[in-house]
Amino acid sequence: MTDLRHPIFARLYPRIAAASAKAGVDAHRAELLAGASGRVLEVGAGHGANFPHYPPEVTEVVAVEPEPRLRRGAIAAAAGAPVPVSVRPGRAEDLGVDGASFDVVVASLVLCSVRDPLRALAEIRRVLKPGGELRFYEHVRGSTPGKIRFQRYADLVWPFLAGGCRLARPTDELIARVGFTVRAERRFEFPESGPPNPASPHVLGVAVRD
């Protein structure tokens, strides 16, 4: 089965994403996709929040989303996208597309929630052409012992509320472990201020399949 149901999270996430967009996430999405070109696979597209940010150099986006309600939102969003977008069911661990068939893979706030991140990253590497790019924007494990402890305690309940998301996952380290060359990367806190937030450490970058 390619569907993965999180009905409560799927209802809430578009509202959360809309509030986050105003706070700065839209700028992060635009930065993530700037300079992308050719054929793109977006993994875990959600309700299609990235679609408005694809540049005209992108010839096609194939968007994979396993959650049915979010997928319906993505299909609606695809109709207004500035580039051709098709939406299909599928999971990151089994993308169901030909190997070496995409110029770019986009992973945006999704690798924290996949059940097997190493398998998902290996699958992403499989579908990229040699020299192809993984564009990633994720919240990741913190860089201080105190933050990591905070995240691990939060992870006792957070995945049940946030569609399987695990806060203490070192996604940036896993990307390098499966054989990608990280070409550019920046870590930052988002939001920058406010009450303590276990999901605040973020990374945004580009990794290349050799």
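Good morning. I begin with a term needed for the residues that follow: a residue counts as buried under 20% relative accessible area, as exposed over 50%, and as partly exposed in between. Arg187 has a relative accessibility of 38% and is therefore partly exposed. Please keep in mind throughout that the structure before you is a predicted model.

Let me stay with Arg187 and turn to its partner. Arg187 forms a salt bridge with Asp172, and the closest N and O atoms of the two are 2.6 Å apart. How accessible is Asp172, buried or exposed? Its relative accessibility is 11%, and since the limit for buried is under 20%, Asp172 counts as buried.

Helix H6 also holds Glu173, which brings me to a second pair. Glu173 forms a salt bridge with Arg141, with 3.3 Å between the closest N and O atoms. This pair links distant parts of the chain, 32 residues apart: helix H6 covers residues 171-177, whereas Arg141 sits in the loop between strand E5 (128-139) and helix H4 (145-154). Glu173 is partly exposed at 42% relative accessibility, and Arg141 is likewise classed as partly exposed, at 23%.

Strand E6, residues 180-189, also contains Arg186. Which residue does the side chain of Arg186 meet in a salt bridge? The partner is Glu31, with an N to O distance of 2.9 Å.

How many does a search of the whole structure find? The search finds eight. Some of them share partners, and in this way Glu133, Arg135 and Arg183 are joined into one network.

Finally, I turn to the annotation. In an unreviewed entry, UniProt lists residues 41-135 under "domain: Methyltransferase type". In the model, that span is 23% helix and 31% strand. The C-alpha atoms at the ends of residues 41-135 lie 10 Å apart.

Thank you for your attention.

Methods: Residues numbered from 1 in each chain as written. Predicted model: local features only at pLDDT ≥ 70, side-chain atom pairs only at ≥ 80, totals over all residues. Heavy atoms only, no water. UniProt positions renumbered as here; feature names shortened; annotations may be inferred. Helix = DSSP H or I, 4+ residues; strand = E, 2+ residues; numbered from the N terminus. Salt bridge = Lys/Arg side-chain N within 4 Å of Asp/Glu carboxyl O. Buried < 20%, exposed > 50% of the residue type's maximum accessible area, 1.4 Å probe, protein only.
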